[in-house]
Amino acid sequence: MQSKTPPKRLIVAITGASGVIYGVRFLEVCRELKIETDLVVSKTAESLLDIELAKTRAELEKLAYSSYPPDDFQAPIASGSQARDAMVVIPCSMGTLAKIANGIADNLIVRAADVCLKQRKPLVLVIRETPLNLIHVINMERLIRAGAVIVPASPAFYHKPKQIRDLIDFVVGRVLDVLGVKHSLYSKWKE
Ligand SMILES: Cc1cc2nc3c(=O)[nH]c(=O)nc-3n(C[C@H](O)[C@H](O)[C@H](O)COP(=O)(O)O)c2cc1C
């Protein structure tokens with residue numbers, strides 16, 4: 001589902017897949033582009049922030065407009081009446097993907113994604129897992145049928161990346177492309 005008008009306010013969830021740097025960079029770019037973000041970080045993502053980046057949830061929350069703990073079902077984003085323009089789960093673990101695909105809304109991230117799907121708002125899931133098993137693929141099919149967009153965290157190389165930042169920016173740029181947000185994070189093919 002492609003949003004016609006670029007979002008002004010987004011839900012951003014960071015879950016416990018490797019590559020939490022994608023989520024951090026996405027929050028930085030949203031801030032630069034003046035897109036307001038409501039942030040939820042899962043418990044496992046908090047460990048990965050420490051393992052991969054030596055960062056804390058509190059540090060990350062400074063990049064967001066507002067933030068909520070993953071067990072806060074009273075947060076505004078848990079309700080369809082407070083729906084935001086879109087939601088991005090970056091990175092999205094196979095565990096969270098499975099819960100969203102099967103409507104198991106037992107934390108705020110899955111509940112907010114559930115709300116996005118029922119309100120027909122764009123939901124972008126930046127997955128990071130390899131190899132994939134059949135259950136992963138079936139769950140992705142269910143989500144695509146329900147209107148979600150799956151963006152695998154698999155950077156291209158035609159833009160001639162020179163550093164890790166260029167690879168991260170390619171994936172973040174692809175998410176912004178899906179949301180209809182203009183950016184200059186990577187040079188498009190033949191540009
Ligand atoms: C170091 C580490 C790396 C992980 N990497 C991945 C990954 O790349 N993809 C994935 O789907 N799960 C990964 N997992 C497993 C998830 O963290 C686990 O399934 C967790 O229950 C996901 O919970 P969450 O979605 O609520 O964050 C990893 C776990 C650890 C500890």
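Analyst: What follows is a set of questions about labels and the values behind them. The model is predicted, so local features need pLDDT of at least 70, side-chain atom pairs count only at pLDDT 80 or more, and totals for chains, interfaces and linings use all residues. Residues are numbered from 1 along each chain as its sequence is written, and side-chain values use heavy atoms, with hydrogens and water left out.

User: Why is the pair Asp-38 and Arg-84 called a salt bridge?

Analyst: A salt bridge needs a side-chain nitrogen of Lys or Arg within 4 Å of a carboxyl oxygen of Asp or Glu. The closest N and O atoms of Asp-38 and Arg-84 are 2.8 Å apart, so the pair meets that definition.

User: What makes Asp-38 count as buried?

Analyst: Buried means under 20% relative accessible area, exposed means over 50%, and partly exposed lies in between (1.4 Å probe, protein chains only). Asp-38 has a value of 0%, so Asp-38 is buried, and Arg-84, at 11%, is buried as well.

User: How do you know that Glu-36 is partly exposed?

Analyst: The relative accessible area of Glu-36 is 31%, and therefore Glu-36 is placed in the middle class. Glu-36 also meets Arg-9 in a salt bridge of 3.6 Å, N to O, and Arg-9, Glu-36, Asp-38 and Arg-84 are linked in a network of salt bridges.

User: Why is the link between Asp-106 and Lys-99 called a polar contact?

Analyst: The definition asks for a pair of N or O atoms within 3.5 Å; within protein, one must be able to donate a hydrogen and the other to accept it, and residues adjacent in sequence count only if both atoms are side-chain atoms. The side chains of Asp-106 and Lys-99 are joined at 3.1 Å, so this distance is inside the limit.
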